Amino acid sequence: LFLVVHLARAGWVRASDSVPAAAARPGRGPLVIRLVLVTEDGEPAGVVDVTEAGTRKGASVYIVRQPADVPGIGALGPDALGTGGEGLTAEEWREVLSTAGGQWLKNAIRDQRLVAGIGNAYSDEILQRAKLSPVRPASSLDDAELAALADAAAVELNSALAVARATDPTAMKAEKKAGLRIHGRTGQPCPDCGTTIAEVASADSSFQYCPGCQTGGKVLADRRLSRLLK
């Protein structure tokens, strides 16, 4: 059996060797579920708590015979780092994006059904490094742009993994934030060209980009308009 945990946007897993005396009350406060580990004799040996901060709850837990039995996992696209961690090739990216049509490039590369492993923050980082506009039609990239995307994705994701592996879990969020070049840095200068980093915001999320590096100096309109300001 496999235990599969989806942490959503604000989930966390905490393990402890001691079992709290008080009964768990999932749904009250941040606790989603508490798993009590037992010895072969049935004695409590520790707990694993899955918690989720905030009022918007999306974390979930599955017990399945195969990970692919979880619908979200079964629908995943290819891993963005490929089978050996070298990243998808330009041709593989072409195949992935060919099915996205006119969808924004930003949205396509973080659509887990198309390619798995890229979220909101690293999609910003990848597109800035590749010097690609987030609102380009996903299927419109030429050979050079696909090569730039492939290179940027491999560099950013492997760098992020290296940092994560070397970081204590309690400090991981802070280390991730410190290593981001443009995501979450609205109003600051672009590290490559010095242009002020801009933002497009919606009700529940936002993304950042560099007008100088990515959109030819143009500032993106409100996300709901899906167009560039004239």
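**Salt bridges, sheet and helix packing in the predicted model**

A salt bridge joins the side chains of Arg34 and Asp49, with an N to O distance of 2.7 Å. This pair connects distant parts of the chain, since Arg34 belongs to strand S3 (residues 31–38) and Asp49 to strand S4 (residues 44–52), 15 residues apart. The structure described here is a predicted model. Within the pair, Arg34 is partly exposed, at 23% relative accessibility, whereas Asp49 has a relative accessible area of 13% and is therefore buried, the limit being under 20%.

S3 and S4 run antiparallel and are joined by 7 bridges. S3 and S4 form a hairpin with 5 residues between the strands, in which Gly42 adopts a positive phi near 85°. Strands of a sheet pair through backbone hydrogen bonds, in either a parallel or an antiparallel manner. Here, S3 and S4 are part of an open sheet of 3 strands, ordered S2-S4-S3 and paired antiparallel. Strand S2 (11–16) and S3 are the edge strands, each pairing on one side only. From one strand to the next, the twist averages 15°.

In total, 9 salt bridges were found in a search of the whole structure. Side chains of opposite charge can pair when their charged atoms come close. One of these salt bridges forms between Asp124 and Lys106, whose closest N and O atoms lie 2.6 Å apart. Because Asp124 is located in helix H4 (residues 120–130) and Lys106 in helix H3 (residues 105–109), the pair ties together parts that are 18 residues apart in sequence. Both Asp124 and Lys106 are buried. A further salt bridge links the side chains of Arg136 and Glu145, at 2.9 Å from N to O; Arg136 is partly exposed, with a relative accessibility of 22%.

Two packed helices are described by the angle between their axes and the distance between the axes. Helix H2 (residues 90–98) packs against helix H5 (residues 143–165) at an angle of about 105°, the axes being 8 Å apart. H2 is therefore roughly perpendicular to H5, as angles of 65 to 115 degrees are so classed. By class, 8 residues of the contact between H2 and H5 are nonpolar and 2 are charged, with no polar residues.

These elements belong to a chain with 7 helices and 7 strands. Read from the N terminus, the order of the elements is β-β-β-β-β-α-α-α-α-α-α-β-β-α. Along the principal axes, the C-alpha atoms of the chain fill a box of roughly 65 × 35 × 35 Å. The chain comprises 230 residues, of which 34% count as buried. Among the contacts in the chain with a separation of 6 or more, 54% are accounted for by residues 24 or more positions apart.

Technical notes:
Residues numbered from 1 in each chain as written. Predicted model: local features only at pLDDT ≥ 70, side-chain atom pairs only at ≥ 80, totals over all residues. Heavy atoms only, no water. Salt bridge = Lys/Arg side-chain N within 4 Å of Asp/Glu carboxyl O. Helix = DSSP H or I, 4+ residues; strand = E, 2+ residues; numbered from the N terminus. Buried < 20%, exposed > 50% of the residue type's maximum accessible area, 1.4 Å probe, protein only. Pairing = 2+ DSSP bridges. Axes fitted to C-alpha atoms, helices over the stretch in contact; angles between N-to-C directions. Parallel < 35°, antiparallel > 145°, perpendicular 65-115°, else oblique. Nonpolar A, V, L, I, M, F, W, Y, C, P; charged D, E, K, R; others polar. Contact = heavy atoms within 4.5 Å.
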